[in-house]
Amino acid sequence: MNECVLVVDDDREIVRAISLLLEKEGYQVLKAYDGLEALELAVEKPVQLILMDVMMPRLDGLSAVMKIRERKNIPIIVLSAKSEETDKILGLSMGADDYVAKPFHPQELAARVKSQLRRYTMLGDIHAGVSGDEIRNGRLCYRQSERTLYADGEPVRLTATETKIVELLMKNRGRVFPAEEIYRRVWEEEAYAPENTVMVHIRRIREKIELNPKEPEYLKVVWGIGYKMEKI
Amino acid sequence: MLAFFLGMTLLIYNFISMLTLISNTDLRQSDYQKTQEFATRISNRLEDLIGIGLKGKDWVRYQYSYSDSDYAYDSYATDTVTEDSGTVISEWWTSGYSGSMSYEEAATEAGEYSTADFNAYLEELKADQNLRYAVFKDGKLTYTNIDGLDAENASIGMDFAAWIPAEEYNFQLTYNKDGDGKVAMEKDGQTVDVYGDGIYREKSRWAVPGYQNFTAGDEAKAIAVYLAAAKEPRLYVVSGTNGTNRYGGVLYRLKESLTAERQQLVRSKAGLAAALLLLLLAWALRKPRRAGREKITGWTGKIWLEVKLLFFLIIPICLILTFVTDFLSWSGFSLDRFVYYGVQDYLPQARDYLAFHLDGFFSFWLLSFWPLYLGVTDLRRNKGQQKSIIGRLRRSIRTRDLKQPVQKKLVKWQRRSLIPFVGFFYAGKVRRLAEDLGALTEQIRVIRNGDIGNALSLPEDSDLKAAAEDLNGIQEGMEAAIRERTKSERMKVELVANVSHDIKTPLTSIVSYVDILKQEENLPEDVKDYIRVLGEKSERLSAMVQDVFEVSKAASGELKVKPEKLDFAKLLRQTLADMAEPIEQSGLSMRVSIPEKPVEITADGQRMYRVFQNLLQNALKYSLTGSRVYLTLTEKDGKATAVMKNTSATELGDGIDFTERFVRGDKSRTDGGSGLGLSIAKSFTEACGGSFRVENDADLFTAVVSFGVTDNRKEA
């Protein structure tokens, strides 16, 4: 712990609230109220993560992100009231690592911060993909030899069935599996009500690995077709 | 309608016959003896008897023989006529001479008349027992048909009652009984007033001698006559030169024809009464009659005017002409006379002719009445709607009612193109106009199909140039309007986006601080509760803001959907699975009927999931505790339909459109729901190309979502 987080937003109250939240989690917090300040602080001070708002005077968030990226590689989470797909894509392509829409659940925000930091500090700047034993996908990393899934470097306690499902989906990242197939492969018998069973397991897995189980980023439903592990 | 027809027919028929008959005043009498005809006959008979008495067979000869052009009368009246008696008398009695012939000359002209013929005549007279007579010359009986009477026992002054029973022969006449040349009459024992004031006029009933201006002459003073007429004339059988005949004599015939005509009159009266009744009926039924009329005029309206004119007018006119020509030939029409003397000359003849032909006339009336009636009603009803060949022709070349110069030109060209030689030129012009017209209609079609880019240009001299330019103007206007609308739609979305964005910022603070509060320790319990409430409400606010944003996007069509092929059945199963926990916790039971085999539709899966999630959430939230929720998926006629039904816990009003924004079933509920759920669901569904509707029947709430089934074969 004791990482330093920079919180940037032109709304002072929000900055204060987030600071309180993060300080409770044990982080050190720096505050900035516009892009220029953020830029200064990011460059000068030892910051490990930046929480950046988009709409700010003097220098807006995304431009600031771009500028910071020229120098630093630290994780940046963009906060914005705009929640459109396009805004998200824009933010991420500008160099952010994550995009959180306002209003956010503070707990979720905290979880994300934690996740990003762990990845950064522990795992460094790594590429996703398969390298030998490991299958990496964003936050998740599945070590086949150990039959263990790591989220943000931390092992996740999964049941045997859950592990089988995760293995199947991780090995076939991005591919959509109909419930029948998942059932057949995992339980090795024909399903007669696969959706319910499979769904239950997926729900449980989500609880364990997703930052916000209600809005899963990895284990997704492709409605009308099946389920997949999103390829990050 | 029928009643009217019959009524009118009968009316006309009987009216005419009534006219005919009424004009004959004699018909008023039931007693034939009271008729004028009777009086005339008796007068004639008297004249005959006096004549026979005077001249014997010569009288008969002259009476009953005719020469070619004139016939001779004997006149035994004097020429003494008084001024006030009118010239008619002198004509009648003294015109025995035709032209300037004397009696003897005329008699010679008339020719021989044999005794046998005279006797035959006498026999005839005698045989008529209905009219008894006795003729006395110089006091001696010369002729009689009264049995038992002879020269010995008869004299003019005797009482004839012994031979002539008064009950049978109630009319008795004596001439010159007292030597005064006068006539005395008795009917039913009463004396009849013969002479009135003594002046014989045309109107006088009895044309018998004895008036001041009408006497028999001195010669006739030698004769005395007794006449008796039977009360009830009868038929007599006579064996004559021609075998046995039934014979009735003039009186019988008179009575018979009177009876017949009276009967005819009665029939006419009856017919008339019936006609009036029918007409009354027709009046009473005038509504159906009107309907009948409508129907008839409906038919007649379809017939061309020319045909109708022919039928309705020509026929009556023909009939009239027939009569006129007949009349003309009958009356010996001569154009010179007509021109010279005028119509006046022909009036009396016309009157006679009419009287003569009145019965024929009724058929004329009948035949012409109905066509005329039809014609008139048709005209009245179908005024202005007459179909007519000529009318059509006229209309087709008329330009007055065409307002557009193009129209006028076209029709003019059309007219002129019919003229030989020159016509070709105009035909060419028409052709060119047709081409321009084609271009114009083509352009209209193009615009209608949505392509509003290209303007149409016609050559400068085209008559439709102005029209083309107008069309282009419309096109531009449409483009501008569409641009405006898209702009305003975009602005609306931007507005909503901006507003919701502005709301989100303070909302974020609230959520964050509430969270911080939650983490505070050592708070009193009630304060903790307050914090909990704050948390819930701000949560709800967040959800609402997001909903509003989505609804505005969906409504303006800005919502981006990614249609892909998916299995409807699977989608539903996944949704149910996804919500298995809340379903379980709600205490409601699901009754699900989803087919095993795939039901392929094309839609945005994520959105449709939201739709069904919303529907299910509603069902879970608002259903009556312990009741069932039914979900079925059926495929029929190329359509896949999902139906969800649940029993509402609260009363749902009638006629509320739940899919309207901010409409909620229970207006007082304030937990959860924003009232936007169904509205969003509907927008999503429709954006994916499906149909969405909800209905409530008492407490049963039904949601129906349907999509067209994607046909695999088509894809290939």
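Start by selecting B:Lys570 and A:Glu180, whose side chains meet in a salt bridge at 3.2 Å, N to O. A salt bridge here is a side-chain nitrogen of Lys or Arg within 4 Å of a carboxyl oxygen of Asp or Glu. Between chain A and chain B the count is two salt bridges.

Before you go on, note that this is a predicted model, where local features need pLDDT of at least 70 and side-chain atom pairs count only at pLDDT 80 or more, while totals for chains, interfaces and linings use all residues. Residues are numbered from 1 along each chain as its sequence is written, chains are lettered from A in the order in which they are written, and side-chain values use heavy atoms, leaving out hydrogens and water.

**The interface**

Now show both sides of the contact (heavy atoms within 4.5 Å): 33 residues come from chain A and 33 residues from chain B. The area buried between the two chains is about 2900 Å², with 56% from carbon and sulfur atoms; this is accessible area (1.4 Å probe) lost on putting the two parts together, summed over both. Select A:Pro103, A:Glu195 and A:Trp223 next: in chain A they lose the most area to chain B, together 25% of what that side buries.

Across this interface there are 13 residue pairs in polar contact, both at pLDDT 80 or more. A polar contact is a pair of N or O atoms within 3.5 Å; within protein, one must be able to donate a hydrogen and the other to accept it, and residues adjacent in sequence count only if both atoms are side-chain atoms. Colour α1(A), which gives the largest share of the side of chain A that touches chain B, seven residues. Helices are DSSP runs (H or I, at least four residues), numbered from the N terminus.

**Salt bridges within the chains**

Over all chains the structure holds 29 salt bridges. Go to A:Glu162 and A:Lys208, with closest N and O atoms 2.9 Å apart. This pair links helix α6 (residues 160-171) to helix α8 of chain A, 46 residues apart. A:Glu162 is buried at 1% relative accessibility, whereas A:Lys208 is partly exposed at 37%. Buried means under 20% relative accessible area, exposed over 50%, and partly exposed in between (1.4 Å probe, protein chains only).

Then pick B:Glu695 and B:Arg693, a salt bridge at 3.1 Å between the closest N and O atoms.

Definitions and conventions. Helices (H or I, at least four residues) and strands (E, at least two) are DSSP runs, numbered from the N terminus.
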